Amino acid sequence: MSTFKTLDDLEPGQLVLVRLDLNSPVEDGTVQDNRRFERHAETVRELAERGDRVVLMAHQGRPGGDDFVSLEQHADILAEHVGRDVGFVADTYGEDAAEAIQSLGEGEILLLENTRMCDEELPEESPEDKADTEFVGTLAPLFDAYVNDAYSAAHRSHASLVGFPLELPAYAGRVMETEYEANSSIATREFDGQVTMVVGGTKATDVIDVMNNLGEKVDQFLLGGIAGELFLRAAGHDVGYDVGEMDLFDDQWEANHETIESLIEERGDQITLAVDLAYEDADDERAEIRVEDIDEKDRGYLDIGSDTVSEYDPVIRDSEAVFVKGALGLFEDERFSKGTVGVLKAIAETDCFSVVGGGDTSRAIEMYGMDEDDFGHVSIAGGAYIRALTGASLVGVEVLQRN
Ligand SMILES: Nc1ncnc2c1ncn2[C@@H]1O[C@H](COP(=O)(O)OP(=O)(O)O)[C@@H](O)[C@H]1O
Ligand SMILES: O=C(OP(=O)(O)O)[C@H](O)COP(=O)(O)O
């Protein structure tokens, strides 16, 4: 299905420039290991094992942010996952970088400094303008080929993502390949049985855009999270209001209620809303209430309720394909994890084709001890995943497809 070249098309034994997405949480200056390292390690190991000289580019944070740090720690974490040394040079494309690149031996790996420390990396410009930078113009001639493995950054028109593929033979890495195929599959594949989409999270516009883009492909949308409450509000229930310090609902309601109301009218048969919700009671315990019994706008809700999980469970078990975007509750707090975890467990226990995405939602899988292998695909992308589901373009992929 891929319309780009992959590592299967790349002759071994070359000097290869590889773009990864190792952008990670940083706590008190310490880079946190996460599944991006584990996934990209497979691409890097494959190239090294076949005798390529492997030079890696990646970014971390944005200038001005606390997480805008050097990639020195990333090299050590990646080395653990690859099972080989990963050298590091504190330079993006200057003389030190060129020297380190040229002294690489067969199967050796080198990580260059944070691409965003180079001024030409970030401003969003066309691929042609990015190819025309000193950064790309200096580095590209040193290499035989360019590999983009950074699907989760492919919505950014940055030099390291869109400039190099215009200057070098360009290929998709293994992460790029699997992410692209799985995340686009809802739009591109034909499924014989029921297709279900679980949608939650904090942004109503994500859910609206997904419904508008995939409404013809999806049989049932199961709603939860902040977005689900806004749909319940549009259906006439006294939920989905800002209460106390909460400011997640009213502005989103103002901006989107007409669209939500018309979606409920047009796609009512496809949209399943929660029948009960969970909240924190006076003793800080989880308590639940049926939606039809809510008659005051005086409380925040933090999860879908147990009856809703029981209603969503058989829908998932009867599905041929299930896609997940956004959490159904504040799962980081165990008391409010029941909705998200219940739905994920139902998916894990069936042999349906499944894709789980969104940085936060996929984190619930490891947090609650589920096995990633029980899911068809767990995406490491946030913004790029939602773009794939809403039909928006990914410039980094488009440029690869030109090759
Ligand atoms: N009812 C809720 N109240 C507060 N936070 C919620 C609620 N439902 C979901 N969330 C939060 O939404 C976050 C996920 O939202 P979002 O960013 O849209 O998804 P993702 O990161 O998976 O793309 C989770 O971290 C979760 O805590
Ligand atoms: O982590 C990333 O995106 P994500 O938070 O949407 O998953 C990518 O590395 C893109 O980073 P950016 O949003 O700083 O351009």
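In which sense do strand S12 (residues 276-280) and S13 pair, and over how many bridges?

A: S12, residues 276-280, pairs with S13 in the antiparallel sense, and five bridges join the two strands. The model is predicted, so local features need pLDDT of at least 70 and side-chain atom pairs pLDDT 80 or more, while totals for chains, interfaces and linings use all residues. Residues are numbered from 1 along each chain as its sequence is written, and chains are lettered from A and ligands numbered from 1 in the order in which they are written. Strands (E, at least two residues) and helices (H or I, at least four) are DSSP runs numbered from the N terminus, and two strands pair if DSSP finds at least two bridges between them.

Two residue pairs show how S12 and S13 are set against each other.

Taken together, the three strands make an open sheet in the order S13-S12-S14, with antiparallel pairing. Strand S13 (286-290) and strand S14 (303-304) are at the edges; each has a single partner strand, so one side of each is left without a neighbour in the sheet. Helix H11, residues 306-317, packs on this sheet and touches S12, S13 and S14. The direction of H11 makes about 140° with that of S12. Contact here means C-beta atoms, placed from the backbone, within 7 Å; axes are lines fitted to C-alpha atoms, for helices over the stretch in contact, with angles from 0 to 180 degrees between N-to-C directions.

The chain also has an open sheet of six strands, in the order S11-S10-S9-S15-S16-S17, and there the pairing is parallel. Its edge strands, S11 (271-272) and S17 (377-378), each pair on one side only. Within this sheet, S9 (residues 194-199) and S10 (residues 220-223) pair in the parallel sense over four bridges. Thr196 stands opposite Gln220 in S10. A helix is found on this sheet as well: H8, residues 204-214, lies across S9, S10 and S15 and runs at about 165° to S9.

S15 leads on to an annotated residue. The loop between strand S15 (319-325) and helix H12 (338-349) holds Glu332. UniProt, in an unreviewed entry, places the feature "binding site" at Glu332, Gly358, Gly359, Asp360 and Thr361. These positions are spread over 30 residues of sequence but cluster in space, with a largest C-alpha distance of 14.3 Å. The positions are given in the numbering used here, the feature name is shortened, and the annotation may be inferred rather than shown by experiment.

Terms used: Contact = placed C-beta atoms within 7 Å.
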